[in-house]
Amino acid sequence: MEQVEYEILDETLKVILPSEVDHCNTVGIRKEADKHIYSGRVKNVEFDFTNTKFMDSSGIGMIMGRHKLIKPLGGKIILTGVKDNVERIINVSGLYKLI
Amino acid sequence: MEDILKIEMGCKPENEGLARIAIATFMVRLNPTLEEINDVKTAVSEAVTNAIVHGYEDKEGIIYLKAMIEENKIEISVKDEGVGISNVKQAREPLYTTKPEEERSGMGFTFMEIFMDEVHIDSKVGKGTEIRMIKKIVGGDK
């Protein structure tokens, strides 16, 4: 299976997402991201969509969940490399208004 | 003559991707735009995820995926023999989810309705759920 990569720079955890983000891999991403958040080393989470061609509502749920977790810490969610189909899904979901 | 595709698959998250690819490949003969392919893929992904997460609650079961093409319309049915939905009206509401602890966004049906022309839900508690979705494919340059 495709690897998800995690990088920490200062207080930001960067999650380099795979080509498809769905229920199949969001469970694992959530676990791994939360491990870093709970460690207290990171405040912000950047989701890098550069390689991502597909995402469904499972991905939206996963991002909203991380948002809920880091907001009380004064952290924020950053979305980068978003394009085409993923852009549409995020727009429709209202996620931009939330984060 | 109608054109048909039928797939029976196990209740495994890995099969979500398979379902998307199968339907996307099947509908290519309608000469769809990339956006139309993505719309249908998203709707199929939501329906299959629902069957796995809610219908079978991540346990064993068979998901029946069927697609039919008639003229320029694609009709897709995703059926499970799982727990069923007790309140279909509520399930369709945006952001409503029975599994907030699993971080379901509650947007599954909303996405299906946005990306398809018609979404019909037939569900009986204890028997299962069938989701039937229809979309007219306008397509690109013919």
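In the predicted model, 19 residues of chain B are in contact with 18 residues of chain A. The side of chain B that touches chain A draws at least two residues from each of α1 (14-27), α2 (34-55) and α4 (108-115) of chain B. Its largest share, eight residues, is supplied by α2(B). Sorted by class, this side of chain B comprises six nonpolar, seven polar and six charged residues.

Within α1(B), the buried residues are B:Glu16, B:Ala19, B:Arg20, B:Ile23 and B:Met27. These residues lie on the same side of α1(B), because they cover an arc of only 95° around the axis. An α-helix has 3.6 residues a turn, so residues three or four places apart point the same way. B:Glu14 and B:Thr25, on the other side of α1(B), are exposed. The packing partners of the buried residues of α1(B) come from both chains: α1 (23-38) of chain A, and α2, β2 (62-70) and β3 (73-80) of chain B.

Positive phi values occur at two loop residues of chain B that are not glycine. B:Asn31 is located in the loop between α1 and α2 of chain B, and its phi is near 55°. B:Asn31 has 14 C-beta neighbours inside 10 Å and therefore counts as partly exposed, since a residue is exposed at 12 or fewer and buried at 20 or more. B:Leu95 is found in the loop between α3 (88-92) and α4 of chain B, with a positive phi of about 70°. Because 13 other C-beta atoms lie within 10 Å, B:Leu95 is partly exposed.

Key
Residues are numbered from 1 along each chain as its sequence is written. Chains are lettered from A and ligands numbered from 1 in the order in which they are written. This is a predicted model: local features need pLDDT of at least 70, side-chain atom pairs count only at pLDDT 80 or more; totals for chains, interfaces and linings use all residues. Two residues are in contact if their C-beta atoms, placed from the backbone, lie within 7 Å. Helices (H or I, at least four residues) and strands (E, at least two) are DSSP runs, numbered from the N terminus. Ala, Val, Leu, Ile, Met, Phe, Trp, Tyr, Cys and Pro count as nonpolar, Asp, Glu, Lys and Arg as charged, and the others, Gly among them, as polar. The arc is that of the directions from the helix axis to the C-beta atoms.
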